[in-house]
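Me: I have a structure to get through and have not looked at it before. Can we go over it piece by piece?

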Amino acid sequence: MFPPAHSGLSRRRQTSTSDHDMSFLFDRLTSLFRSKPRLKPAELQAAFRGHYKEFRALLTANNNALELMAELEQALTAGHSFGMAFVRGNCTALSVNIYKMIQHLTRLADGRYAELDHPFRTITRELEQLIAIRSLSKEGPVILSMDEIDVTKVDQVGEKMANLGEVRNRVNLRTPDGFVITAAAARQFAAANDLQVEINRRLKGLDIDNLEELYTVSAGIQGLISNAPLPGELEEAILARHQQLAADTENELLVALRSSALGEDSINVSFAGQYRTQLNVSREFIAQAYKEIVAGKYKSQAIVYRQQRGYRNLDVHMCVGCLRMVEGDISGVLYSRAPDDPRSPFVIIQAAPGLASTVVDGSGATDQFRVSRTSPHPILHKQFAEDENASITGFRKMLTDAQAAELAAVGVRLEEHFGTPQDIEWSIDHSGLLYILQSRPLGRSISEESPVNGAYNPPVTDLPEPLLAGGACASRGVGYGPAFKVRSSLDLLRFPKGAVLVIETPYPEWASLLNRAAAVVSETGQMAAHLATVAREFGVPAIFGMKQAREILTNDTLITVDATAGKVYAGKVEPLLALAAPKPNLMVGSPVYKLLIKALTLITPLNLTDPTSPYFRPDSCKTLHDLTRFCHEKAVVEMFNFGERYGFDDKAAKQLVVDAPSQWWVIDLDDGFTPDFDPESRYIDLGHIVSLPMLAIWQGMTAFPWGGPPPVSLGGFGSIIFQSTRNPNLDPAVRSAMAAKNYFLISKNYCNLSVRLGYHFALVEANLGEFLTENYVSFQFKGGAADENRRLLRIRLISDILNEFGFRVEQKVDAMTARIEKKPGSFLLERLKILGYLLIHTRQIDMVMADEGMAAEYRRKIMADLHTLLISTTEG
Amino acid sequence: MATDLKILLIDDEIDFVETTCKRLIRRGFSAKTALTCAEGLTIIDSGWPEVVVLDVMLPDRDGVDCLREIKEKWPSLPVILLTGHACMQTGMHGLEYGASDYCLKPIDLETLVEKISIAHRESRKPGI
């Protein structure tokens, strides 16, 4: 097949350390000893086409696999939210594509490499176990009394109720009587109706950015759950326990049903306001209310929230507390510290007449108190709500100084007990008894977000006059975007990504917009509102209590929201935006995030880096990346060897003639030569080559004459001599004839070029198919003559340039790979010209890379040339 | 790319098949739907479809089983598995029994069209 040039091979094999890209040449040697089936020309052509088809399909699967791997890796760092469905779906698609690669390779190699099945099964079995849907235990009691609950029961009753049990039974504070319908009950309910399969099916295709779809799917799932019958035994158990509770009640017993999801309320993760609470539920409606609360697990904002935080729906179980209603005279929220200062010497109390829910859902005006944490807990500061009714009636329930002191003491006690500042819901009944309704860790405090810049007013001067001022900071930071007013669910659907959410009241429902909002401006509400908590967790700047916001701000006007200072400016205020802290990566530490990290250990590490190594074999494949690498490498080898195995004559490799025979050789895999080309010829000219990717590379290689090696300073030259003594391949006298050859393997739409130019190796591969799925350009680059530092500088230069042209670049020591996939052919052809140019013009510049001036000069020249190249060839 | 392919969608998720069917027709393809494997087999038996897109979960039969029967009787008819439930075993069994591809919902129409076209192209004999 090839001109006889085997002389240097054995020596090169012993000495080669870095030039693995040419390794397929060596595999040829082994195949020399195989018997060669003699086929008739027509049969041969058909067999070749068949092989080429397998090869092309393998490349497409490889393309898909590499893209999926990159997506999985990027998920870790991009800070976008992803759910279990993403991980499971991508891992599955990835495994299937690699399975396809193995199938194609085996067919391509006439049945060899079947032993790849073993590592593949081993890896995927482990991966499958990792991402499998765990079957849920339905065991354990379906009901637990509040008297038997503390934090050790968290797996049965959820964190909210476990904490409340702790308050009741360990801290011995008053909480409402009642019981919890456990996680086991929720599982039994789901299992009895086979709900989970259907729920998963509906969630599977869900795009949480498509709000209309989100609401439809959410409503559908909630309806499904609410309409499913409760298992008879479970309903009886609930009602029986309710009757016991009613026994010592004079009037009809009314209960509050409170959601207590497993996984909610742990530190830094409050599913604040995401789930339902139903108040004043009578006996006949308990079953229905229970189902609706369980269904609340799939409220739209809860789905979004879980996905953003990386919670698997399956890991969240909805437990429900069933508690005697407290006839709240006055109720509210208590923070054991100021949310923006974990060392504040006072607690903050927000109080309003009636039930606590008006404070929490942001709808009621509240009185605010700062009360000293030190006994006797004097009130340090009071601020009363403007209440129109109060001024009319002249009567309004107020917290007494004694009650404020009692609350402050409770806050301190609970913080001591739980070891961290607490966010407490409380209610005082008609007889003056204080009940604790909930206690949970105070969410991500505002000050945690930027510990360095502790000042409230950023040290920025020369600011324009604000459009609005005087709002209260609900979540620190600066945001910029077009204003968008939201009044109803209809507006929700039209809310553009990156807009500033402008609202009258911070209802919890708006939380589903927070992953799309640049900032929030609300006319009313305070720090305790759930929307504020969620905004802080998402790092979305928010101003509450910004009067006239909806009047002054018009839709689509660009505004800068300085939440920290409570001001809104027209247009883009750069000095303020420069202060904005980057958004926290909410996924870090979540169960899905941890699971993905684990899964990636089976996927991305590349152990098979050197195809010339004796360990480059199937049983060394430890990850899916190894398998793709192995399959791709061997597939190229198989295509290279095809002619030989099937007894082609020696003329498959044609020497490219440009004026004179060149150092470039071309092998046609399918339809890369014009039909009138004489297959007997040993030479080929460009006119007979129709491979689009090869011609593009060639164009890039030849567009500008190479200026020759750069003038080398003494240091640079010295470094070459030093390298040469260590690496025999660098010495031209030792270099084998084979290594000097550069092969294009081509078809009309495919090109694989392995190059040894100067002292570096490069591999360019491209496929421009009919379909985007098949398209890619990949580039590998390695080596050089100068010392490591200079080689790295050159690789960095090339990486930077390729990055600018849209390549995804990975660099490991002095080896680099760059890839683009699934882009249109015209786009990829331009990239190939760029690669062609770089192949020629970065030769030996590693030697001058240490000279900053020269490096900059080369960079400037390269960019200018590339610019000219792209413009001239586009116009031409 | 051939845009006049005859595509059969076998899937019991009515919203999905009907929308997809309509959108394929709008693209110039011919498309039919079947909600069960049995219904699908009848249409295939008529010789109409050139590519089949098959859901893995069907009310009357396991989708992989359905695939098996299709590939036994019409080995050259390309079948793409499309499912909402990611499952490696199903994917690999599917490929073993001759599925051209295995894809997961959600899938955008562009990608699906490409997969259909590639499956159709690859199903032709080499050199034609």
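**Contact between the chains**

Reply: Chain B puts 19 residues into the contact and chain A puts in 24 residues. Keep in mind that this is a predicted model.

Me: Which elements of chain B each supply at least two residues of the side that touches chain A?

Reply: Helix 4 (88-96), strand 5 (101-104) and helix 5 (109-123) of chain B.

Me: And how do the residues on that side of chain B divide into nonpolar, polar and charged?

Reply: There are 11 nonpolar, five polar and three charged residues on the side of chain B that touches chain A.

Me: New topic. In helix 9 of chain A, which residues are buried?

Reply: Leu214(A), Val217(A), Ser218(A), Ile221(A), Gln222(A) and Ile225(A). Seen down the axis of helix 9 of chain A, these buried residues fall within an arc of 130°, so they line one face of the helix.

Me: Which exposed residues are on the face turned away from that buried side?

Reply: Glu212(A), Gly223(A) and Asn227(A).

Me: What span should the 17 residues of helix 9 of chain A have?

Reply: At 1.5 Å a residue, they should span 24 Å, and the end C-alpha atoms are 24 Å apart, which agrees.

Me: Now Ala287(A). Where is its place?

Reply: Ala287(A) is in helix 11 (residues 286-295) of chain A.

Me: Why does Ala287(A) count as partly exposed?

Reply: Because Ala287(A) has 15 C-beta neighbours inside 10 Å, and buried would take 20 or more, exposed 12 or fewer.

Me: Leaving aside neighbours within four places in sequence, what is Ala287(A) in contact with?

Reply: Leu230(A), Glu235(A) and Ile238(A). Ile238(A) is 49 residues from Ala287(A) in sequence, but 8.1 Å away in space, C-alpha to C-alpha.

How values were computed. Residues numbered from 1 in each chain as written. Chains lettered and ligands numbered in written order. Predicted model: local features only at pLDDT ≥ 70, side-chain atom pairs only at ≥ 80, totals over all residues. Contact = placed C-beta atoms within 7 Å. Helix = DSSP H or I, 4+ residues; strand = E, 2+ residues; numbered from the N terminus. Nonpolar A, V, L, I, M, F, W, Y, C, P; charged D, E, K, R; others polar. Expected span 1.5 Å × (residues − 1). Arc of directions from axis to C-beta.
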